[in-house]
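Visitor: I have a structure to look at and would like to go through it slowly with you. Please put it up, and I will start asking.

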There are 2 protein chains.
Amino acid sequence: MYDDDRIRQRCRWPQWHDRLRSAEQAAALIEDGMTVGMSGFTRAGEAKAVPLALAERAARDPLSITLMTGASLGNDLDRLLTEANVLARRMPFQVDTTLRRAINDGRVMFMDQHLSETVELLRNHQLADLDVAVVEACAITEDGGIVPTTSVGNSASYALLADRVIVELNLAAPAELEGMHDIFVPAMRPTRPPIPVVAPDSRIGTTAIPVDPSRIAAIVVTEGQDSPSTVLPPDADTARIAEHLIGFFADEVEAGRLTPSLLPLQAGIGSMANAVMCGLAEGPFEHLTMYSEVLQDSTFDLLDAGKLDFASGCSITLSEACGERVWPRLAEYRDRLVLRPQELSNHPGIVRRLGVIAVNTALEADIYGNVNSTHVNGSKMMNGIGGSGDFARNAQLSVFVTKSVAKGGDLSSFVPFASHVDHTEHDVDILVSEHGLADLRGLAPRERAEVIIERCADPRYRPALRDYFARACARGGHTPHCLESALSWHVAAQRDGHMRSLIEQVEPRSA
Amino acid sequence: MYDDDRIRQRCRWPQWHDRLRSAEQAAALIEDGMTVGMSGFTRAGEAKAVPLALAERAARDPLSITLMTGASLGNDLDRLLTEANVLARRMPFQVDTTLRRAINDGRVMFMDQHLSETVELLRNHQLADLDVAVVEACAITEDGGIVPTTSVGNSASYALLADRVIVELNLAAPAELEGMHDIFVPAMRPTRPPIPVVAPDSRIGTTAIPVDPSRIAAIVVTEGQDSPSTVLPPDADTARIAEHLIGFFADEVEAGRLTPSLLPLQAGIGSMANAVMCGLAEGPFEHLTMYSEVLQDSTFDLLDAGKLDFASGCSITLSEACGERVWPRLAEYRDRLVLRPQELSNHPGIVRRLGVIAVNTALEADIYGNVNSTHVNGSKMMNGIGGSGDFARNAQLSVFVTKSVAKGGDLSSFVPFASHVDHTEHDVDILVSEHGLADLRGLAPRERAEVIIERCADPRYRPALRDYFARACARGGHTPHCLESALSWHVAAQRDGHMRSLIEQVEPRSA
């Protein structure tokens, strides 16, 4: 099917021909009940052919597996695998509508994990051992080393820990990706030396995953493309959020707490954090760096604007338009980018060491600054905690951004009591909505509530939040609550589809 | 008042005589509105004379300050300072009944912090700059270096960052403490090199806090004693908890996931975690190490039993009986102990590097394994999160222990929905009560709930928990909940003083 010369350009390992398999043949190595680790992080660099073949085979020959990835997959693979009932267990992150429904119905057991932790657990045998790893590569080196494509994710540890390795050699992936990766796997504990990343541009490992090629069970040649990101361009609200945050950074520089190059930046995946990063292109900042997870459109905008000196991440996920601009010119960015395993891009110790500024998106926050990133009405999983906990806990400045309302004002993102907590008030320094910025540093919970309500909440919901807070304070407590009505906003949302009754209840009284 | 020769034995810095002050004179350096950092961690090594003089002065001459310490103070100092209305703001931890009441009444603004973070925030000017530091010392070196006593806590950074330093030279503190401390202050970010602690017995710093003696504004000579710990000896329930956990460790060794020396151990402060550690003296484990926060009675029991090779902490807090045994023989332990700044004893990066086994106490846990360590009924602060988050998030194995009920069975420690979340389900691997152990590793929330209810909850409360869980699952969700009744257990506890109505509601139905 593929021209041998084309394969030889990407596969320098001489024995490749013996291992060449079709996707169907390779998928046959995966048996019912197995645990499988696949490449792929936020729609970037996932194995494409083997999971598809697996879904097709399952239609005839049912099987179910535990699937671990880096994060979300593109090309509708999570949907196809879910529809084919292949997924018994899934970790550590996903964004697919069909899979999400199966998770919320209890049909797929989902382990929502801090993204830096999955391979630590695997290495310590605290998760089921991997039978098979399936990793996308843009090249295979002379000695069988696997050169990943647009994401590293957990691929290195999966390939090193699995009994058998399937490599998807993607001839359509830019060859210029080779050299951009920095593969390093920490030593076993308790005798692990310090991981020597000391700056975003530190290179501490190899450019390929050093697998023993005798463990490569199959090489599948593909030409698939990554799915483009679905990031939306900034709108009026996200632009306002960016403006508030950039004003805050400027004030911090003025106060001497930050320099004009700020600190290594992390931005969560998605339109909101991307918009904030875009805003930095206009700000008075220079020689910025990123120590982040996913490198999105904003990374390349800032590189092109000459604002950003260097970016470290574990995947590159671009919109179609940005991809058209970046992929043909990838070589121009090579000295300013590195892709690391997610265990290192998100490593608590490195994030703490570098003093990262973390910008992540909240689904909702309570008046004391506890943040829900994952569960609608405390029950329904959206995507997963992702890397937000790795960064928010250890950052020098932990920022969460959210629009003050959802569904055209039907739901307030600021509530008396978070229906699920992913990030406790200890880990939330700054909250920003389109209305303003709440600087929560050094404040006690009662002080935090006032700032959050008055700066961030939608003005229509403020009277009801003030009313709850006043009633709670009258009862006392370090973090005052009225437990019998603490979740009433969410109960209303479930019952009525909106929280507007909260506005009406209080308005007459405060009028 | 004190014999010069006695002072000279402890104070080798030649210029000491010029700085000698009474506690009252030294306290006069602290003015209304100032921010003050004091030594002291879990009743160990707190400055004793100056805060007492400050409280006495405030009775005549009102003033209020922001007080930061390492953690809790002994000798009733937090009570006396609260009663004298000295405390406007207090961080990062406390255990005093009177102060707790003032916090819950909203009279003292309390910042409950991860104990590793306070000095990072201070160093970055994200908290108000320190005007005065007050640090207890057992000696002052030739060049003015401050040798702490029974805790390091935050003393090093406080002494280095404050405008003026008051040293309380405690002639009654064991002179043999000198040499036990390892003082190291991390460099500023973002250019911080790795902190080179690679094992519990790593020594990376100096034995004294290297202050420029021109910054020592006063030396106050004292002879006060630390308050003994209030740790209770193991009872039947805590002994059962220890037994379950030790059985689990033995199984992990059998399965090859741990060696007989386990991994560096951390135990939270208090009777429960202390009991678990005591239990290890009887287990089949050898050459244990600790990388913990407070070294309690159990540390010395294990050292004496020949089970523990080395212990690293940031303070030593002993019961009266244990202290009588240990303090006179302190020199015998010197090669097996190190006291570090709490920023290092609790450092997320080091805890992750060493792969610590963390054992902390839960106030309550929900059926999905979210843990409340701090707030009674979601509102009233008990003590603070302390170091539990530093350890639980980054440990190789994160264990939380709790008795299944409180108040003689009136309150269930396992509830449908935690009334406050300090540790999310992501950070809780193992839950243990006297009834059993829930191994939550690799489980999805619905699976976690079954194990927690059936293994850990009090059998009398299990029907009501099963009933809630079944009703919630019928509604769906990754983490199923019935929000309108999620907090009803706590509402009952507030209304009735107990949760027994939950037992009665379900019993007829399940009978």
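Visitor: Let me start with one residue: is Thr238(B) buried or exposed?
Guide: Thr238(B) counts as buried, because its relative accessibility is 5%, where buried means under 20% relative accessible area, exposed over 50%, and partly exposed in between (1.4 Å probe, protein chains only). Before we go on, please keep in mind that this is a predicted model, in which local features need pLDDT of at least 70 and side-chain atom pairs count only at pLDDT 80 or more, while totals for chains, interfaces and linings use all residues, and that side-chain values use heavy atoms, with hydrogens and water left out. Residues are numbered from 1 along each chain as its sequence is written, and chains are lettered from A and ligands numbered from 1 in the order in which they are written.

Visitor: And where is Thr238(B) found?
Guide: Thr238(B) belongs to helix H9 of chain B, residues 236–254; helices (H or I, at least four residues) and strands (E, at least two) are DSSP runs, numbered from the N terminus.

Visitor: Which residues is Thr238(B) in contact with?
Guide: If we leave aside its neighbours within four places in sequence, Thr238(B) is in contact with Met272(B), Ala275(B) and Lys403(B), contact here meaning heavy atoms within 4.5 Å.

Visitor: What joins the side chains of Arg325(A) and Asp304(A)?
Guide: A polar contact of 2.8 Å joins them; the term stands for a pair of N or O atoms within 3.5 Å, where within protein one must be able to donate a hydrogen and the other to accept it, and residues adjacent in sequence count only if both atoms are side-chain atoms.

Visitor: Now the two chains together: how many residues does the contact take from each?
Guide: The contact takes 78 residues from chain A and 78 residues from chain B, and 100% of the interface residues of chain A are also interface residues in chain B, so the copies meet through the same surface. Chain A and chain B bury about 6,500 Å² between them, with 51% of that on carbon and sulfur atoms; buried area is the accessible area (1.4 Å probe) that two parts lose on being put together, summed over both.

Visitor: How many salt bridges are there between chain A and chain B?
Guide: There are 4 salt bridges between chain A and chain B, a salt bridge being a side-chain nitrogen of Lys or Arg within 4 Å of a carboxyl oxygen of Asp or Glu. Glu447(A) and Arg89(B) meet in a salt bridge through their side chains, at 2.8 Å from N to O.

Visitor: Which elements give residues to the side of chain A that touches chain B?
Guide: Among the elements of chain A that give two or more residues to that side are helix H6 (97–104), strand S4 (109–110) and helix H17 (445–455), while H15(A) gives the most, with 5 residues.

Visitor: How are the copies related when chain A is superposed on chain B?
Guide: A rotation of 180° with 0.0 Å of shift along its axis superposes chain A on chain B, with an RMSD of 0.0 Å, and the two copies are thus related as by a two-fold rotation axis. In chain A, the C-alpha nearest the axis is that of Gly349(A), 1.8 Å from it. The superposition is by least squares on the C-alpha atoms of residues with pLDDT of at least 70 in both copies.

Visitor: Back to charges: how many salt bridges does the whole structure have?
Guide: A search over all chains finds 74 salt bridges. One of them pairs the side chains of Asp427(B) and Arg393(B) at 2.8 Å, N to O. Asp427(B) lies in the loop between strand S23 (414–415) and strand S24 (430–433) of chain B, and Arg393(B) in helix H16 (residues 388–394) of chain B, so the pair ties together parts that are 34 residues apart in sequence.

Visitor: Are Asp427(B) and Arg393(B) buried or exposed?
Guide: Asp427(B) is buried, with a relative accessible area of 3%, and Arg393(B) counts as buried at 5%. As another example, Glu332(A) and Arg329(A) meet in a salt bridge of 3.2 Å, N to O; Glu332(A) is partly exposed at 48%, and Arg329(A) is partly exposed at 28%.
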